[in-house]
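Look over the sequence and the model first.

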Amino acid sequence: MMADNDNAARRARVFDFLRRNGIEYEVYDHPEAPTIEAARQYWHRDGSKHCKNLFFRNHKGNRHYLVVFDCERSLAIHDLEHRLRQGKLSFASEQRMERYLGLRPGSVSPFGLINDTENHVYLFLDRTLLDYPSLSFHPNDNTATVVISQRMFRRYLDAVGNSYEYLSLYDDGPEGASSEG
């Protein structure tokens, strides 16, 4: 029961932040879905792009990165290191995820940045996400999905205040793609 209360509190915090900042969204509930494979069966056909969200740390452990990309794609960590130019990367531990994003594995999303009050985490987003009218993420709880338009997502990124960058994470993307937010 304690985990249910924690999940409800995580979700409520996201919705409160979005409302306070005038950010419109849609949400739908579904059974627990900690992986893309599990979540896929509950997704609505609403035109949004569902995203994969991975949390990394650098070799020294003093920098952390949230990487967001199309859930239909995969990334090799070596290729990601080359594209991000942040040195050797590894997945951040559950303890780091909790400390910097206030999240647990299976519920990672850009909405975790509301818990990063020092704006420590740098957000990298694949440029192809800009091609979709809206994006879908868990609201820091993997029993729901939030659908948010590109315009509202940009408003969210501005409100949360973390540094972010759209760039091509794949060889088939535009040449020299780098755009800071």
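Arg104 is partly exposed, at 36% relative accessible area (buried is under 20%, exposed over 50%, partly exposed in between; 1.4 Å probe, protein chains only). Its salt-bridge partner is Asp6, also partly exposed at 24%. A salt bridge here is a side-chain nitrogen of Lys or Arg within 4 Å of a carboxyl oxygen of Asp or Glu. The model is predicted: local features need pLDDT of at least 70, side-chain atom pairs count only at pLDDT 80 or more, and totals for chains, interfaces and linings use all residues. Residues are numbered from 1 along each chain as its sequence is written, and side-chain values use heavy atoms, leaving out hydrogens and water.

By this rule there are seven salt bridges. Three of them are listed here.

| Salt bridge | Closest N to O |
|---|---|
| Asp6 and Arg104 | 3.2 Å |
| Glu98 and Arg10 | 3.6 Å |

Asp6 sits in helix H1 (residues 2-20), and Arg104 in the loop between helix H4 (94-101) and strand E5 (122-126), 98 residues apart. Helices (H or I, at least four residues) and strands (E, at least two) are DSSP runs, numbered from the N terminus. Glu98 is in helix H4 and Arg10 in helix H1, so this pair ties together parts 88 residues apart in sequence. Glu98 is partly exposed at 37%; Arg10 is buried at 13%.

Asp16 and Arg19 both lie in helix H1, three residues apart, about one turn of the helix. Asp16 is partly exposed at 37%, while Arg19 is exposed at 53%. Arg11, Asp29 and Asp141 are linked in a network of salt bridges.
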